[in-house]
Amino acid sequence: MDRIRSSEITDRRVYLNRRAFIAAALAATGGAVVSGTRVHAQEPAAHGRKLTTMRSPLSTSEPPNSWEHLTTYNNFYEFGTNKDDPARLAASLKPRPWHVQVDGLCAKPKTFDIEEILKIAPLEERIYVLRCVEAWSMVIPWIGYSLAALLKKVEPTGQAKYVEFTTLKDPEQFPGQKGGFFGGSLDWPYTEGLRLDEAMHPLTLLTLGMYGQVLPNQNGAPVRIVIPWKYGFKSAKSIVRIRLTDTEPKTAWNKAAPQEYGFYSNVNPAVDHPRWSQATERRIGEFRRRQTLPFNGYADQVASLYAGMDLKKYY
């Protein structure tokens with residue numbers, strides 16, 4: 001596949017980041033005047049199937065963002081690069097029927113139907129802060145259970161050291177995969193990965209819903225991962241395969257721009273993105289900036305996973 005130059009990526013991302021700021025302001029205000037024209041946020045997703053959950057003690061005490069914020073301002077490059085592309089285009093995704101293949105270095109590989117996945121463990125509502133690499137954040141009431149519950153079903157072997165996540169590749173359902181800027185430069189399907197101990201950590205959420213219902217298409221339906229101490233792009237959406245491996249997986253953004261996106265991608269205010277600071281962030285719905293917390297505020301729970309590691313080298 002032909003690759004574009006990194007200098008071209010930089011210019012485009014700066015442009016998109018400016019657009020992201022404008023879209024965030026619109027999401028916060030419900031509309032604004034831009035160049036003399038009234039611009040309104042996209043309509044939020046329709047509410048879907050309800051899920052019965054229990055409240056998790058792992059939740060943050062911060063109030064969640066609104067349903068409108070969460071369903072109209074999204075990073076999901078399979079639908080496009082603009083923040084409102086997923087809300088506009090997500091109807092093309094068909095989240096039922098759906099299967100997830102779990103295999104690799106495990107004793108009992110299996111392909112799970114999405115309805116079976118929903119029943120593996122009790123569903124919990126966990127309110128997590130999601131921080132994106134563009135220095136904005138949201139508070140989201142996710143629904144799911146610890147990924148460890150699914151992984152234990154397939155019994156990882158002693159050789160398994162990492163977990164690789166692969167999302168659906170289908171340009172008919174995901175128009176952003178057909179071409180264009182990121183369609184042509186990302187190596188589809190989207191892949192992400194964790195160390196096995198990160199994947200087995202209780203905070204790592206196999207996510208099946210939010211705000212009391214199944215996931216809307218633009219938020220990663222029907223199943224995604226949420227790792228709250230890492231940047232949002234680590235949280236693979238619309239997953240079709242989970243593979244246990246003994247080698248570090250090649251991840252989509254690391255392959256596209258390794259100088260900008262490392263494998264670990266822990267939220268670290270001391271490590272700037274090459275083109276902007278990560279020391280502060282702006283919560284969607286607010287205009288003031290706030291200090292970015294190490295590990296996104298989850299240091300007490302996860303910092304021990306990285307004892308002795310140079311987190312500026314392993315960014």
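A network of salt bridges links E62, R131, E281, R283, E286, R288 and R290, a salt bridge being a side-chain nitrogen of Lys or Arg within 4 Å of a carboxyl oxygen of Asp or Glu. In total, the structure holds 20 salt bridges. The model is predicted, so that local features need pLDDT of at least 70 and side-chain atom pairs count only at pLDDT 80 or more, while totals for chains, interfaces and linings use all residues. Residues are numbered from 1 along each chain as its sequence is written, and side-chain values use heavy atoms, with hydrogens and water left out.

R49 and E115 are joined through their side chains by a salt bridge of 3.0 Å, N to O. Because R49 lies in the loop between β2 (37–39) and β3 (54–55) and E115 in helix α4 (residues 114–117), this pair ties together parts that are 66 residues apart in sequence; helices (H or I, at least four residues) and strands (E, at least two) are DSSP runs, numbered from the N terminus. R49 is partly exposed at 43% relative accessibility, as is E115 at 26%, where buried means under 20% relative accessible area, exposed over 50% and partly exposed in between (1.4 Å probe, protein chains only).

In the salt bridge between E134 and K83, the closest N and O atoms are 3.6 Å apart. This pair links distant parts of the chain, 51 residues apart, with E134 in the loop between β6 (124–132) and β7 (136–146) and K83 in the loop between α2 (67–72) and α3 (85–89). Both E134 and K83 are buried.

Within helix α3, R88 and D85 are 3 residues apart and therefore separated by about one helical turn, and their side chains meet in a salt bridge of 2.4 Å, N to O. R88 is partly exposed at 45% relative accessibility, whereas D85 is buried at 7%.
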